[in-house]
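This report covers selected local features of one protein chain. Please look over the sequence and the structure before reading on.

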Amino acid sequence: MMKKYLAEMVGTMVLVLMGCGVAVSLACDPVNDHASVIGTAMAFGLSVVAMAYAIGGISGCHINPAITLGVFLSGRMSAKDCAMYMLFQVIGGLIGAALLCLLVSTTGTDFAAAGAGLGANGLQSGVSVTGGLIAEILFTCVFVLVVLGATSKTNGATNNFAGLAIGLSLILVHLVCIRYTGTSVNPARSIGPAIFAQFIGGPVTALSNLWIFIVGPFVGAALASVIWRVIEPEEK
């Protein structure tokens, strides 16, 4: 059982380190630099694909508490596993953010300033709290619905390509949502960078707005589980 939890920790660590690491390296600007948005979106999606084939056979590769909640509400895992998955995902996110913080802090001051946010989520220019919350609910719902459908044993042979489908859908979600919130759809991905960004002068709003990137994804995941229960094919 512990191997599953450790796999989730490692997978989430890699997701945060690689996804947020690319956002830092490219100095991602969701408003003014479209190339950096595309690069960041691809980094998160490719991280999920890589981890899906690395640890998918061990834990299912949720590496996201929102996905874990959706899977639990769909009746596919126990409450104990749900809680432990979430715990180790958050730990993994913290480790990934800590490693990224260490890397950024060893670079020159100019680069450190550019990467001060550590890829932390935040409301982008002109986006209200309500708008950000709606975006996180909506796009997490879409993402988790893809996960539930792609991994369902009652949905034909789609689960053979689940890792690829989920990774590509995360790229798509980032391309749309990054302009509003920097795209979380994953509380564990948001918690670590929001905390460690403070060590290198990151925005204080990363912490004050953190609740949006916890509540929004959880609500979106719950909605996705309801939708999937309605449309899920019957067992053949």
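At 10% relative accessibility, Cys 61 counts as buried (buried means under 20% relative accessible area, exposed over 50%, and partly exposed in between, with a 1.4 Å probe and protein chains only). The model is predicted; local features need pLDDT of at least 70, side-chain atom pairs count only at pLDDT 80 or more, and totals for chains, interfaces and linings use all residues. Residues are numbered from 1 along each chain as its sequence is written, and side-chain values use heavy atoms, with hydrogens and water left out.

The protein chain has a mean pLDDT of 93, with 94% of its residues at 70 or more (pLDDT is the predictor's confidence in each residue, from 0 to 100). Helix H3 (residues 65–73) has the highest confidence, at 98, and helix H5 (residues 109–114) the lowest, at a mean of 64. Helices are DSSP runs of H or I with at least four residues, numbered from the N terminus.

Cys 61 lies in the loop between H2 and H3. Its phi is near 50°, a positive value in a residue other than glycine. Val 185 also has a positive phi, of about 50°, and is not a glycine. Val 185 is in the loop between helix H7 (162–181) and helix H8 (187–196).

| Residue | Relative accessibility | Class |
|---|---|---|
| Cys 61 | 10% | buried |
| His 62 | 10% | buried |
| Val 185 | 1% | buried |
| Glu 232 | 33% | partly exposed |

His 62 is in the loop between helix H2 (34–59) and H3. Its side chain makes a polar contact with the side chain of Thr 68, at 2.9 Å (a pair of N or O atoms within 3.5 Å; within protein, one must be able to donate a hydrogen and the other to accept it, and residues adjacent in sequence count only if both atoms are side-chain atoms). Beyond four places in sequence, the contacts of His 62 include Glu 8, Tyr 85 and Gln 89 (contact means heavy atoms within 4.5 Å).

H3 also meets H10: Pro 65, Ala 66, Leu 69, Gly 70 and Leu 73 in H3 are in contact with Pro 217, Phe 218, Ala 221, Ala 222, Ser 225 and Arg 229 in H10.

Glu 232 lies in the segment after helix H10 (212–231). Not counting residues up to four places away in sequence, Glu 232 touches Ser 152 and Thr 154.

Note on methods
Helices (H or I, at least four residues) and strands (E, at least two) are DSSP runs, numbered from the N terminus.
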